[in-house]
Amino acid sequence: MILKNHLSLFVNKITNYLLWLLFLGNLTYLIYNFPNVPEWYYGNVLKINGFTILIWTLVTFFSAIISSYGKNYLKGFEYHSKFSLLCLGFTFSIMIFVMSNHVSLLLTMWLLMGIFMSQLIGVDSRWGEAREASKFALKYFVAGSLFLGAGVLLLAFQTEAFTLSEIISKLSDVPQSITLIAGLCIITAAIIQSAIYPFHRWLLSAMTAPTPASALMHAGFVNGSGILLALFSTVLFASNTLIILFIIGGLTAVIAQFTKLLQVNVKQKLACSTIAQMGFMIMQCGLGFFNAAVVHLLLHGFYKAYLFLSAGEEIGHSKPQKPTPIKIKPLQAIIVLFFGILGAFLFAYLTGKGTELNSSIFLTLIVAITVGQATYNIVKEQSLNLFQKSFLPPLLFVSGMVTYALIYKGVTVLMSDMPMVVVPLSLSVFEIAFGILFLAGFFIMKLGVYRNYPWLYAKLLNISQPYKKTVLMYKSKSL
Amino acid sequence: MINPIIQKSIEEASQVVGKTWPLYSFVTSNPLSGYEGMPFKNAVNQARKFLNANVFPETNLFRQAWEKGEIDEKVLLELLKENQLLESPEYYLKQMATYKKSDATNNHHDLDRIMAKWLAAFMDEGLAEWEMPNKSEGFYSAWRKLAVYDTDLPKMTIGEIPKTNTEALNEVLNGYSAADFTKIFTYHLAALPGWTGYINYRSKSNSQWQQEYPITLEDYLAVRLWIAQKIGAEIYPEGNDSLTISSLSSLQYIWLKAWEKSWQKELINVLDNQQISSSTAKKEEQVPDAQLVFCIDTRSELIRRHVESKGHYETFGYAGFFGIAMDYESLKDGLTRKSCPPILNSAYHVSEVPQVSHTEKAQAYKQSNDVSNFKEYFLKRMKNMLPSAFGYVEGAGFFYGMSLIARTLMPGYLYRLNNKNRADYEAVFEPQIRNTCTTEQAHITIPLEEKVAIVKGAFDLMGWEKLAPLVLFIGHGSHSANNPFGSSLDCGACAASPGRHNARMLAKIANIPKVRQALKENHNIEIPNSTIFIGGEHNTTTDAILLFDSEIPDSHKEQLQKLKLDLLKTQQTATQERLGVANNSVSFANKKANNWGETRPEWGLAKNAGFIVGPRELTKNNNLDGRCFLHSYNWETDKSGKALEAIMQGPMVVTQWINNHYYFSTVDNEVFGGGSKITHNITGKFAVVQGNGGDIKMGLPLQSVKQSDEEMYHQPLRLSVIINAPLKRVSEILERNEHLKNLLDNEWIYLMVMDPLDGNKIQHYQQNLNWDSTSQKSNTNNVVEMMTT
């Protein structure tokens, strides 16, 4: 027993140091070489560029944080060292995935990521429900890998090229029907990974993973699709399937955000939020802004990891409260509108999005609504004085936008050597329709209209239930 | 109207349901409180049967105790022999180890799952933005209106579902004989003991949530049985009724007893050695520099030793609510919480008013409090609303990243940073007391007699004879980060709140000149003019002691300064001992208090096993390893025995609750405890479930009672109470208090009396007011026989 404890302690310590070392190494390398990170090839197998290093920095950051957190959190857990090794395995598989140029390596790593993640979901193998959840998730991941395999191999055999870069360069020779099928397969793989509706159930059933594993899942696994889509952006353009991404992503974003409202378990609530955010990320891809999607996956990772790691803070004593009706005075409305528009201009100025009449307008619109929403909440708050009311909104959105813009610019530079990652599309009827849908969603939520539809409540409650074998499936028998 | 037979059967069946307390005020109570009227052995057998629970320590705990020498070989062999078990202890350990708890498929899985889904949706206390529709009509009705959309149920129309819970129960039970009702109800209530326990809690406490959104056990049973019928699940549990007692249980019980007796023997040895030195005449001792009153909590034992060693200080043990049965209204959130033992009704209501000299600061405090509440609301709105949630994540993501690093890598630094102003609130406001029943009118305080009675109570129970210039009432509270079970580490005597406000209140009352005058005139209790009372709080995670001294006269400042320095030294040495580190123990403790990844910030009341009622001289020179509750008591000043009676009715019962809670959470952490924290998922802001959902957890998590998944920390032993008082006095009290006598006769606790009139000889309580001085003679020789009845 003592020997085992020592061994476990040793394993956890080593992985912890290793991960921090890797993170710091990557970060230093990235900063040192910025903005021109050299490209580096190893035969036709590996390829490292700015984007690779960016993802490496990101994933090692999350793994290192999780490992440090887990050091205390999982103390005494029977499978602590198994957990550490699985996290390490996961980290390496995603790192190798982004540096893969050869398709076989790429596909293997995609599958391995799924295997490691499903193992983490069921890391406590003594627990029946965890075993079920692990099996359940693995089915999704294997299916995702099969789709990805089908899509990629179809292109590979068609172009007779087995590296990613070659396939992409020869894509123009491939018949439209083939690229379409391949594109659809790749999209399916991506949305399974991101738990996009209707493939969302594995994520809602994955809470058998210890909290830090969930944090890693939400910060480093589900958003793998953003990376995948960025790598295959050319295929998506060639197959004309961006609009599908846009629609699926947009619908999921709206549905999941509503579903989130009725969740009573904190982790499921976070999972619904993740699904919505992933929907939004996929939507950004659908608009032709793969760089924005990568920024979103990065920032969302920070956000969601934080919320998972602090998920124990949700206990609280409160009073039943009736929702307050929304009222807005004309002057307040003007201020809200003013700041909203100001925010939109600032955002356009800082990021270059929304300056022309194309799909980027959509992203700018969302920023404007966010700013308006923030302003609205602040100006109607009675505990704040006039000074606070006038300076808080600009302070908040300027600091938010400036940090966002800096990261956005940085990521865009790092991705500049990748083909077709920033290609704004011309505005189509779909974008406009979704723009209207988002606005409608905004008002429905704001006004609380949804509360009048009990059937909708029941419907959303049903679709967000975890897989049934992962809840109360087993019962222990007393001696 | 509900059928009276059904009503009666539900009541009878609800014995199986304990009380699940909300985690924001986690009271460590006995999960088998419904069975306390029964002998321990029978009660645990019932629980074993209905809840599928282990009710005795698992074999590996016995083995660990055995290997560490915590079980006295002689005691064990004797007990085994009495039961005609003649093999070696090792043989029996091996025999017990052949039994393993196993998993089986839950045969009412669908039914349980559907119920858990609706219960969680209905009982939510504000985690969801969109609450279940029609909640204010009550559970049955709200469920009925949504059941038609439930895809887990066969298609149906709302007309098919009975309109009320009574109709539903009548419909389902039609065809069963009234004699079967209790069995049916027990079976279905015990299927989700966490949830039904919470229904029980809500209906007993009539919380605001219950008033607004009522739910009853009848509702639960009506919904459950109706669904069971609809989906073809089992309504009447098949299977045998008889309680089969395995030879395993009797073997386990013998081992448990041997373990308990071994510990008692050790404790008695310690006390025996002590008596020699304690017989010095205390009358001649000089007045100490300060007297500090701590809670009876087991964690006070260590800090008291360390305080005493730092100077001429005297310490006392008194229930941490300091005799004020009050509710406390917090300025921070405007909520009123119970701040006295749950077994008492709150007679008083304490709230805060600005100190005369600090009205401006008070205004500023309220302002900043409002702003911080707004911040919380603001963030929630930003995260929830469409599409601002997306924009928010992009704008704020970077700052979350920074916080990730800070909270993971420098929790101790952040703790010091945020903790600087922690007494600000108390420095600006002062507590004021009124009766609970008086209407909301502020500034109507309680009559002088009641104030006098509160202070007199403290004097009576602790048996004070002289007073130091500084008398401190030190409540206790705990700091931990990201800990759903945080309140389980706060003061149990204050219904899982920190005890600081009770301490402040008592100090304030005791400082009122009129109160002192009345004490002197009517009760012959003289408080010297030079004595002042101060409230304080012991932080049990960091062992810091914070004093609320903003209104102290200049005359005492110097003395207080010296005391404060000594308390800092106390913190050093106390943390060194408790955490087992030689250097930087305080910063290590600070780190634990604020590390969001820390699942064991401190050990709470783990290891509790004894309750000693008597003067500090009995225990002063010994390290009791934080295993004993200590209540000060002076048998000589308590002529009538009233004080002792109060101690036995109050603190003794509370310690029994705590002890039983720890016992059951340890012997079956999955059923009675909380399971491992690492996979907890908070539901409804008041409870946790494991993983994806299911039943809510009713007790302490694994990390509160075990060192690791396998290694023991808390030793699951029933409480041994030792009272230093004349035997006759104790016997009389037991005679007057049937329920206390029952607790003893039913073996929920042990009682020993150290009789000062009989040379401090220890007498062990046996059944029915019989006492035995030979002590080691046990009454387990009829274990097997008793357990089968």
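**Entry 1**

Before I start, a note to myself: a helix axis here is a line fitted to C-alpha atoms over the stretch in contact, and the angle between two axes runs from 0 to 180 degrees between N-to-C directions. I also keep in mind that this is a predicted model.

Two packed helices are described by the angle between their axes and the distance between the axes. I looked up helix H2 (residues 50–73) of chain A and helix H3 (residues 80–99) of chain A, and found an angle of about 175° with the axes 9 Å apart. Angles over 145 degrees count as roughly antiparallel, so H2(A) and H3(A) are roughly antiparallel to each other.

Next I asked which residues make the contact. On H2(A) they include Ile55(A), Trp56(A), Val59(A) and Ile66(A). On H3(A) I noted, among them, Phe83(A), Cys87(A), Ile94(A) and Met95(A). The residues of this contact divide into 10 nonpolar, 7 polar and no charged.

**Entry 2: chain B as a whole**

I turned to chain B and found 29 helices and 18 strands. Its radius of gyration is 28 Å, close to the 28 Å that the globule rule gives for 789 residues, so chain B is as compact as a globular protein of that length. Along the principal axes, the C-alpha atoms of chain B fill a box of roughly 80 × 75 × 50 Å.

I also checked burial, and 54% of the 789 residues of chain B count as buried. Among the contacts in chain B with a separation of 6 or more, 72% come from residues 24 or more positions apart.

**Entry 3: one residue, Val350(B)**

I picked Val350(B), which lies in strand E6 (residues 348–354) of chain B. Is Val350(B) buried or exposed? I found 22 other C-beta atoms within 10 Å, and a residue with 20 or more counts as buried, so Val350(B) is buried.

Leaving aside neighbours within four places in sequence, I listed the contacts of Val350(B): Met326(B), Tyr328(B), Glu329(B), Pro431(B), Gln432(B), Ile433(B), His501(B) and Met505(B). I also looked up Arg337(B), which is 13 residues from Val350(B) in sequence and 9.9 Å away in space, C-alpha to C-alpha.

**Entry 4: where the chains touch**

Last, I looked at the two chains together: 96 residues of chain B are in contact with 94 residues of chain A. Elements that each supply at least two residues of chain B's side include strand E1 (102–105), helix H6 (109–123) and helix H15 (359–384). Which element gives the largest share? I found that H16(B) does, with 17 residues. The residues on chain B's side divide into 41 nonpolar, 35 polar and 20 charged.

Terms used. Residues numbered from 1 in each chain as written. Chains lettered and ligands numbered in written order. Predicted model: local features only at pLDDT ≥ 70, side-chain atom pairs only at ≥ 80, totals over all residues. Helix = DSSP H or I, 4+ residues; strand = E, 2+ residues; numbered from the N terminus. Buried ≥ 20, exposed ≤ 12 C-beta atoms within 10 Å, placed from the backbone. Contact = placed C-beta atoms within 7 Å. Rg over C-alpha atoms; globule rule 2.2 N^0.38 Å. Nonpolar A, V, L, I, M, F, W, Y, C, P; charged D, E, K, R; others polar. Parallel < 35°, antiparallel > 145°, perpendicular 65-115°, else oblique.
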